[in-house]
Amino acid sequence: MKRFLRARMASWARRRQGADTLPVTMHYRRIYILPTRAGWGFAFLLFCMFVAGLNYSNSTALFLTFWLAGFVLVGLHRCHRNLLGIALQGATAVPTFAGAAGQVQLTLENPAPLARLRIEADLPGVAPSVTDIAARSAARLDLAVPTTVRGRVLIEGLRLTTALPFGLFRAWTWVYLPVELIVYPRARGSLPLPTVAGATQGTRLRGGSGGDEWLGLRAFRDGDSPRQVAWKAYARGAPLLVKEYCSASAPERFFDFERLTHPDTEKRLEQLAAWIVDAENRGERYALTLPGTTLALDRGAQHRHRCLRALALYGLAPARHAAIAR
Amino acid sequence: MPQLHAERDSLRPMLWTTAAFVAGALLNVDRVPIWTTAVLITCAAWQLSVAAHKLPALPRAAQLILTFILVTCVVATFHTLNGLPAGTALLIVMGSIKLLETRSRRDRYIVIGAALILLLAACLDRQGLARVPLYLGEAALCCTALVVTAYGGAGLHFRVAGLLAVRSLVLALPLALVLFLFFPRLPGGFWALPASDDAVTGLGESMSPGSISQLIASYDPAFRVRFAGAIPPPQERYWRGPVLHAFDGYTWRHGLGQALPQQPLRYMGAPYRYSVTLVPDANRWWFALDTVAGSPDKHVLFSYDYALIARDPVTQPTTYEALSYTHTESSEPLSTLARRIETALPPERNPRTRELAARLRARALADPQFVGAAIDFFRSGGFQYSVTPPKLDFDSVDDFLFHTREGFCGHYASAFVALMRAGGLPARVVTGYQGGEWNPIGGYFVVRQSDAHAWAEVWIDGRGWRRVDPTAIVAPERLRRGLLDILPNAVSGSARLLYATPLLAHLLQGWDALNTAWNERIVKFDVSTQLGILERLGVHAADWTALVTALGAGLVGWLAWIAWHIGRSAGPRPADRLARAYTRLCNKLARAGIARDAHEGPLAYAERIGRRRPDLAARARPLLARYAHLRFGPLSDAPAAAAVAGFDRMVLRCSLGRVRMRQPPS
């Protein structure tokens with residue numbers, strides 16, 4: 001019942017507000033507020049106190065009741081204000097592999113000279129994430145979106161809420177931003193990397209070996225050896241980076257969808273994803289051929305994303321998406 | 001590790017909710033059995049230890065058994081669960097057990113609610129001014145606990161939380177005042193209130209030798225009197241209370257006789273007008289200056305012996321206006337029945353008193369001479385005034401008159417009236433208070449329990465009831481000076497200390513005056529006070545509709561103010577005054593139809609206004625140039641505050657008009 005009401009209200013607000021574009025500032029017109037269960041309980045408590053005070057004609061009790069009623073109303077405005085004026089400056093989705101949690105990163109800016117307490121972001125079916133935002137500053141909120149199948153997930157029904165300062169009211173706002181989360185196919189497959197065609201056999205060397213070609217630094221990824229990390233740079237305040245070397249002639253890999261024989265398309269895509277991850281980790285150059293698409297030889301994070309994205313969206317109509325909004 | 005962190009997080013909300021509840025219970029600590037407080041402290045300490053991982057949580061079954069045992073204990077103590085004391089004890093016990101199983105946020109809200117109900121119970125029980133700071137502190141504590149609970153973690157500094165709660169309470173204060181002043185009060189209650197079982201202090205309906213001396217050790221006020229106009233001289237400050245008619249040889253009782261008709265009085269001299277505020281003592285006597293001219297309230301009986309007897313016991317501070325004459329006469333003869341009642345003595349008791357009465361009667365044939373002879377007996381009989389007289393025998397009057405000769409006002413009044421009755425003269429004992437302490441700060445008299453007194457009244461044909469105070473004959477100082485002067489050991493040590501230290505006594509008087517003002521203005525606040533306030537505000541013939549109108553106006557005004565006050569702090573606000581003034585100027589220009597572009601500096605903006613809106617240029621350009629000078633000029637590092645203020649005022653004053661067709665901000 002509650003979920004149904006919430007969905008109805010969300011769609012009503014959607015029609016009322018229209019779609020949003022960044023940055024989204026929380027104005028009066030888009031903030032809604034209702035008492036929480038604790039708020040209803042408090043109201044009942046105040047009613048009882050009021051009746052008792054009136055019945056006993058007790059001035060102190062009545063004054064206490066009136067004062068607490070005023071306190072609740074101040075709480076109503078404070079709760080509303082806790083959200084008012086916050087600007088959603090950015091909303092990006094970090095791609096992920098199917099089965100893992102995708103991350104929606106929200107950047108919230110507080111331009112006002114007062115701190116915002118316990119601003120929560122939630123999506124239907126997603127554990128809410130909470131942050132405080134200090135006065136005149138910004139904060140990032142990450143939402144972990146669980147995924148099951150590859151493809152494109154349109155994130156809808158983002159809600160920013162707060163119950164502070166007293167927990168008696170909950171103010172919220174719906175944000176209708178088209179945030180798209182790309183879900184790569186699961187990287188799994190049993191086949192070894194296809195052998196290199198026409199290129200000199202080369203091997204990637206462990207970091208620190210002398211005499212090899214310096215490739216540069218790349219961001220740390222899970223599984224990298226601590227010995228490859230550029231600790232000196234890290235000590236200077238740089239993010240965690242990994243030094244990459246490879247022999248002068250790195251091997252080149254060609255991954256082709258058509259060359260795989262497995263009858264199931266999804267299995268083929270998963271195998272390709274596994275190869276791409278593997279080749280990128282080895283520091284090799286690779287190309288990907290899908291029916292209708294070819295991505296030329298290259299390496300690096302950008303290339304990896306382009307390839308995996310092509311796999312994620314393979315065979316999907318541009319409009320089709322598996323909405324996570326359940 | 002994360003779990004550990006989460007549990008440590010819950011310690012702080014736990015601490016605050018527990019503190020709020022314990023403080024709420026302590027407000028009622030002297031009204032509930034001591035074991036409930038022991039249970040409370042144990043449960044609170046246990047739960048805090050559980051939260052800090054020092055002790056294991058109590059199993060659910062043990063909690064249920066504990067609940068059953070403790071509720072049984074409450075029922076066994078009070079024989080009921082109804083009424084304020086039993087309800088408070090039950091709430092403390094149940095809340096203590098709830099503390100033991102408090103884990104979730106919802107549990108904590110329930111505990112805070114219970115703390116607020118305990119605060120309410122304390123308010124209902126006692127509304128003294130001295131307790132107000134305690135109540136305020138508890139309200140602030142509960143509100144802070146609410147903030148900490150809503151936040152739920154350790155990241156919020158308790159000072160921030162406390163400040164948030166206290167500020168909100170301060171913002172709520174105007175609304176509380178408006179509602180308090182104008183919310184229409186009920187003339188009566190919704191349901192009958194249970195009678196308070198307070199220990200009865202003050203004068204009772206009987207008097208034995210020594211009963212009044214117990215009372216006078218108390219420094220507690222009995223009532224306060226504010227005179228409008230003339231103040232009676234000290235020897236006329238007799239405050240009439242219960243009149244006692246029936247004597248069994250030892251104890252005087254009020255007895256029967258309320259059905260007797262009142263002896264008509266002729267009031268003489270100028271009346272005294274005054275108002276009395278009774279301190280609640282669960283008795284039904286209203287005290288008035290002897291002799292009051294009529295009943296001050298329709299629920300109060302003006303009895304045939306000129307006492308005021310209320311229908312209900314006094315459980316709330318009660319104020320009434322009265323009118324008294326200190327000189328009265330009654331020329332009508334006393335009825336036979338009244339004469340029989342007022343001369344009745346237990347047969348075969350106090351034989352020596354009868355003998356003495358017969359002897360005196362033989363010498364003085366007329367009634368006034370008989371009274372005079374008795375007075376002479378007291379004056380010359382070697383009687384001692386003492387607050388700790390020896391205990392009297394079964395025939396108390398004989399023992400007192402012929403043996404101990406040492407007594408307090410009760411002994412003298414009792415013996416005198418018995419002597420009069422033995423001589424066939426109608427006489428009765430009047431109890432009440434005599435004197436009163438002038439409070440120069442508040443401008444009223446405080447009459448304390450230590451002023452309790454008893455005197456005699458005798459019937460003189462053709463003149464009526466005459467007051468005879470045998471105590472005043474034995475110790476004439478008693479009337480002019482306080483009891484403390486004559487009998488310093490009579491009252492408690494703390495009262496003596498106060499009396500001996502003028503500064504302390506003065507402070508005490510100030511505090512008493514403040515308390516009285518509180519009781520008269522706030523505690524006694526009711527419909528008539530509300531209407532009085534409205535009339536003082538200029539509403540003629542104020543009634544309920546006027547009250548509701550005032551309430552609505554106040555409510556709407558406060559709501560608008562609070563919405564504005566809180567809402568304005570949420571927007572981006574430039575840090576310094578110059579920037580704010582500049583923003584205001586730009587907003588004015590935007591309303592006039594030419595908005596500043598985000599990239600535009602003040603001088604470029606001024607130039608564009610000159611090209612596009614020559615009509616505004618004359619007013620806008622000097623202001624923009626002034627801003628540029630203040631912000632970027634030679635002294636721009638620290639522009640003089642006066643110059644900035646001057647610029648701000650110029651911006652405020654300048655009028656640039658407004659364009660009707662405004663583009664809505666996209």
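I take two strands as paired if DSSP finds at least two bridges between them. Helices (H or I, at least four residues) and strands (E, at least two) are DSSP runs, numbered from the N terminus.

This is a predicted model: local features need pLDDT of at least 70, side-chain atom pairs count only at pLDDT 80 or more, and totals for chains, interfaces and linings use all residues. Residues are numbered from 1 along each chain as its sequence is written, while chains are lettered from A and ligands numbered from 1 in the order in which they are written.

**Entry 1: strand β11 of chain A**

I started with the pairing. Pro35(A) stands opposite Phe169(A) in β11(A). The strand that pairs here is β2 (residues 32–35) of chain A, antiparallel to β11(A) over four bridges. I then looked up β10 (residues 158–162) of chain A. It pairs with β11(A) in the antiparallel sense over five bridges. Leu160(A) has Thr173(A) in β11(A) as its bridge partner. β10(A) and β11(A) form a hairpin with six residues between them. In the turn, Gly167(A) has a positive phi of about 75°. The loop between β10 and β11 of chain A also holds Pro165(A). The peptide bond from Leu164(A) to Pro165(A) is cis, with omega near 5°.

Is β11(A) enclosed or open? I call a residue buried if 20 or more other C-beta atoms lie within 10 Å of its own, exposed if 12 or fewer, and partly exposed in between; C-beta atoms are placed from the backbone. Seven of the seven residues of β11(A) are buried, so the strand is largely enclosed by the rest of the structure. In a regular strand the side chains alternate between the two faces of the sheet. Phe169(A), Ala171(A), Thr173(A) and Val175(A) point one way from β11(A). Arg170(A), Trp172(A) and Trp174(A) point the other way.

**Entry 2: Tyr176(A)**

I moved on to the loop between β11 (169–175) and β12 (179–184) of chain A, where Tyr176(A) lies. Tyr176(A) has 17 C-beta neighbours inside 10 Å, so it counts as partly exposed. What does Tyr176(A) touch, not counting residues up to four places away in sequence? I use contact for two residues whose C-beta atoms, placed from the backbone, lie within 7 Å. Tyr176(A) touches Arg14(A), Gln17(A), Ala19(A) and Asp20(A). Tyr176(A) and Ala19(A) are 157 residues apart in sequence, but 5.2 Å apart in space, C-alpha to C-alpha.

**Entry 3: the open sheet in chain A**

I found an open sheet of four strands, in the order β1-β3-β5-β8 (chain A), with antiparallel pairing. β1 (24–25) and β8 (137–146) of chain A stand at the edges with a single partner strand each, so one side of each is left without a neighbour in the sheet. Strand β5 (residues 101–110) of chain A and β8(A) pair over ten bridges. Leu108(A) stands opposite Ala139(A) in β8(A).

**Entry 4: confidence in chain A**

I checked pLDDT, the predictor's confidence in each residue, from 0 to 100. Chain A has a mean pLDDT of 80, and 88% of its residues reach 70 or more. Over residues 198–211 of chain A the pLDDT is below 50. Residues 320–326 of chain A also stay under 50.

**Entry 5: helix α11 of chain B**

The 13 residues should span 18 Å, and the end C-alpha atoms are 19 Å apart, which agrees. Which residues of α11(B) are buried? They are Thr353(B), Arg354(B), Leu356(B), Ala357(B) and Leu360(B).

**Entry 6: backbone angles in chain B**

I noted that Glu348(B), not a glycine, has a positive phi of about 65°. Glu348(B) is in the loop between α10 (336–343) and α11 of chain B. Glu348(B) is exposed, with 9 other C-beta atoms within 10 Å. The peptide bond from Asp290(B) to Thr291(B) is cis, with omega near 0°.

Methods. Expected span 1.5 Å × (residues − 1).
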